[in-house]
Amino acid sequence: MVKQRVSYFYDTDVGHFYYGPGHPMKPHRIKMAHHLILSTGLYRKLDVYRPHLAAPLEMTRFHSDDYVKFLSKVSPESTRPFLQQMAQFNVGECTDCPVYEGLFEFQQIASGASIDGAVKLNHGACDVAINWSGGLHHAKKAEASGFCYINDIVLAILELLKYHARVLYIDIDIHHGDGVEEAFYCTDRVMTCSFHKYGDFFPGTGAITDLGAKKGKYYSVNFPLKEGMDDASYQSVFEPVIEKIMEVYKPTAIVLQCGADSLTGDRLGCFNLTLKGHGECVRFVKGFGVPLLVLGGGGYTIRNVARCWAYETSVVLDTPLGEDIPYNDYYEYYAPDFKLHLTPSMAMENLNEREELERTTQEVLENLSALKGAPSLTLQDVPPDWATRDAGTAADNADPDQRQMTDKDGAEKAEHPSEFEPKEGAMDTTD
């Protein structure tokens, strides 16, 4: 079996953003995952890149101009002139999407990395691309939602669609991937498939009857679940549904959102998955050998999020990890056992009865059978890549005697693990 080439995108600043006291979303978890990837030695098998910062113009491929301009201008010190827009765009103190220091830069990092990953896949420069800062699936065209402001997933899929006739989006976050589904609800060029808690749970969408509309009828797949979902139950529904989608839709690229709030013990979640059960989804999807973009997402018990994404990096690399957490800068977070894997909660009852899961699976499979084969498309006049549109000129004007740290796909190549350490004077927020 040929080894798959894996590109990994990480910005040293990504863990320093802070949503505010008491807010469950903590970008610090991305830095913690990265340090596990370093301390386990997984980084040696990755092509590591520092992503470009997505420009406002790139974001407006999906988001409205006014919304992107607002996000780029608003700051904690300057909210007064933007009060009307804050209410319009669902941003501010009375929402789950606060105005915090560096808000727009964090969106630029997350979106830039997802776009860079898509560009790499488009050009065959890798088989799998990983961006754990991405997966912000709730953001809408002109509205922040569920801690998400810019939908990096939609932007990455739009990039993939330049080269791929059919893109499959899979979401294993505990919350419904509403922003991505809404963006592609009326097209057959993207199939969205979400497995999520449904019923009196944010965002309240994702019923099995939500199938898509117009040309996109039957191209939105929703599998509603109840609390307590465990590894065996999840695998029993995930694998047959994804296998059927691969059979009938035949995607040429896949985006997999790996929200870790579906793990046992999550601060906001109510599923009972272990790392092995969650990671098995990654292993299963990777096994189809289709170009794959792997993204982060939710996850609010940050030590478990870091465990999960480091473990799933090892799954992508086919490199087993030991059970003991290796010493790293955040070692104390993994007390008291300092072990990699999680034990499911014995106190949590699985409310998903086997017969009900079988009925739902059958209904989803029947809906997929309604599709009349994979839609075809003749790709013509491929637009230029966002990340490379200025790269040619820059390369032509570069000093030939200086080593260039930007590769031909626009991402910045990391030179040595020491580059991943915090920049001198940077604050390390560990809340």
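This is a predicted model: local features need pLDDT of at least 70, side-chain atom pairs count only at pLDDT 80 or more; totals for chains, interfaces and linings use all residues.
Colleague: How many salt bridges does the structure hold?
Modeller: The pairs include K226 with E356, at 3.3 Å from N to O, and K244 with E247, at 3.8 Å. Over the structure, the number of salt bridges comes to 10.

Colleague: How many residues apart in sequence are the parts that D127 and R5 tie together?
Modeller: The side chains of D127 and R5 meet in a salt bridge, with 3.3 Å from N to O. D127 sits in the loop between α5 (103-122) and β3 (128-131), whereas R5 belongs to the segment before β1 (6-9), so the parts that the pair ties together are apart in sequence by 122 residues.

Colleague: Which helix holds E356, the partner of K226?
Modeller: The side chains of K226 and E356 meet in a salt bridge of 3.3 Å, N to O. This pair links distant parts of the chain, 130 residues apart, with K226 in the loop between β6 (220-225) and α8 (231-249). K226 is partly exposed at 37%, and E356 is partly exposed at 27%. The helix that holds E356, spanning residues 354-369, is α11.

Colleague: About how many helical turns separate K244 and E247?
Modeller: K244 and E247 meet through their side chains in a salt bridge of 3.8 Å, N to O, and K244 counts as buried at 19% relative accessibility. Because the two residues are 3 apart in helix α8, the separation between K244 and E247 is about one helical turn.

Colleague: What volume does the largest cavity have?
Modeller: A search of the whole structure finds 4 cavities of 30 Å³ or more. The largest cavity is lined by 14 residues, of which H137, G146, C148, G298 and Y300 are the closest to its centre, and by class the lining has 5 nonpolar, 7 polar and 2 charged residues. The volume of the largest cavity is about 60 Å³.

Colleague: Which element gives the most residues to the lining of the second largest cavity?
Modeller: The second largest cavity, with a volume of about 50 Å³, has a lining of 5 nonpolar, 3 polar and no charged residues. Among the lining residues are S220, V221, N222, V364 and N367, and the elements that give two or more residues are β6 and α11. The element that gives the most, with 3 residues, is β6.

Colleague: What is omega for the cis peptide bond that joins F202 and P203?
Modeller: Most peptide bonds are trans. The bond from A335 to P336 is cis, with omega near 5°, and P336 is found in the loop between α10 (302-316) and α11. P203 is found in the loop between β5 (190-197) and β6, and for the cis bond joining F202 and P203 omega is about 0°.

Colleague: Is F147, a residue with positive phi, buried or exposed?
Modeller: F147 has a phi of about 75° although it is not a glycine, and it lies in the loop between β3 and α6 (152-160). D318, with phi near 55°, is partly exposed at 42% relative accessibility. At 10% relative accessibility, F147 counts as buried.

Definitions and conventions:
Residues are numbered from 1 along each chain as its sequence is written. Side-chain values use heavy atoms; hydrogens and water are left out. A salt bridge is a side-chain nitrogen of Lys or Arg within 4 Å of a carboxyl oxygen of Asp or Glu. Helices (H or I, at least four residues) and strands (E, at least two) are DSSP runs, numbered from the N terminus. Buried means under 20% relative accessible area, exposed over 50%, partly exposed in between (1.4 Å probe, protein chains only). On a 1 Å grid over the protein atoms alone, a cavity is a set of points where a 1.4 Å probe fits but cannot get out, and a pocket is an open set with protein on both sides within 12 Å along at least five of seven lines; lining residues have an atom within 4 Å of a point. Grid points are joined across faces, edges and corners, and a volume is the space filled by probe spheres set on the points. Ala, Val, Leu, Ile, Met, Phe, Trp, Tyr, Cys and Pro count as nonpolar, Asp, Glu, Lys and Arg as charged, and the others, Gly among them, as polar.
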